[in-house]
Amino acid sequence: MMMLPDVWPQDPWGRVLNGALEIHDLPASSLDIAQTAADIAFERFGDALHSVYLSGSMARDLNHDAAFIIVLRHLRRAVGLDLFCAAAALRVQKLHSEIGACSFEVFSWDDVFPADGSFSHPRFRLGVNSVAIAGRDLKRLIAPQKLTPAAANASIVGLSGKLKSLQHRLKAVSTESRVRATSRQFAQIGLCGAFACVMAAEQVYSEDYATMARFVSLNLLDVEPSLNLLVQMSEQGTSSSLEALAISDDVMSWLPDFAEGWLDAHNPKRDETLKLV
């Protein structure tokens, strides 16, 4: 069977393999950005730092949108992480003007390897799209990932609340740059959530938004126009708050119900994490 270029490779048992490039295959510009992120992480966490990973589209050399995942040695999470992550992302963008979107996330060892057997979304992300840029690479401890309801759950629980919050932000922001950034975030979160609802059934994984929309439309034929608008907005956003609100209103007319239906079937208690299945 021919594999679609934006669908992740899988092993003979259907488990998802790492879609990121090897570190020696990344362009020099991406390595320079990644080294800056690693330096910032070491500056903040020192000996508590276990490893740093590049994820997102940059890890696949598709564009300059980067996500950095930091893993700490100890079990307890440090305080003030949200402020650090926001400041670190801004610092990288200031030092590297060519970078697009940038995000940092920090996880403890226990987040990656929960003692109670719960599914670990950070471990899933490290397993499917990451390249180690500092410290000891954890991926030798991470098996190829199964596409189960537990893997989908993280993108679906709380989805409606996240989208409503972004809708309110669209009504409040006034500058074109903030409208563009918020509308892009709305589209990306919406597409990830919608795709998560069909991922386990379709047994495919992708982080390409157009590919996500294609598989969702196979299950929801009536919302294909809405999905196409989300794909367009996921790329660069829109500077028009009226356009963004119109698209978001349309999405909110079907996506929350779709997500709640999935939760009713697979996670009626609305637990943030599920046991591995």
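Out of 277 residues in the protein chain, 48% count as buried. Keep in mind that this is a predicted model. The chain is built from 11 helices and four strands, and its radius of gyration of 18 Å is close to the 19 Å that the globule rule gives for 277 residues, so the chain is as compact as a globular protein of that length.

**Overall dimensions and contacts**
- Taken along the principal axes, the C-alpha atoms fill a box of roughly 50 × 45 × 40 Å.
- Among contacts with a separation of 6 or more, 69% come from residues 24 or more positions apart.

**Surface and charge**

**Backbone spots to check out**
- As background, most residues other than glycine have a negative phi.
- D61 isn't a glycine, yet its phi is positive, at about 55°.
- You'll find D61 in the loop between β1 (49-55) and β2 (66-72).
- D61 has 42% relative accessibility, so it counts as partly exposed: that value falls between the 20% and 50% cut-offs.
- R270 is another non-glycine residue with a positive phi, here about 60°.
- R270 sits in the segment after α11 (255-266).
- With a relative accessible area of 28%, R270 is partly exposed as well.

Notes:
Residues numbered from 1 in each chain as written. Predicted model: local features only at pLDDT ≥ 70, side-chain atom pairs only at ≥ 80, totals over all residues. Heavy atoms only, no water. Helix = DSSP H or I, 4+ residues; strand = E, 2+ residues; numbered from the N terminus. Buried < 20%, exposed > 50% of the residue type's maximum accessible area, 1.4 Å probe, protein only. Rg over C-alpha atoms; globule rule 2.2 N^0.38 Å. Contact = heavy atoms within 4.5 Å.
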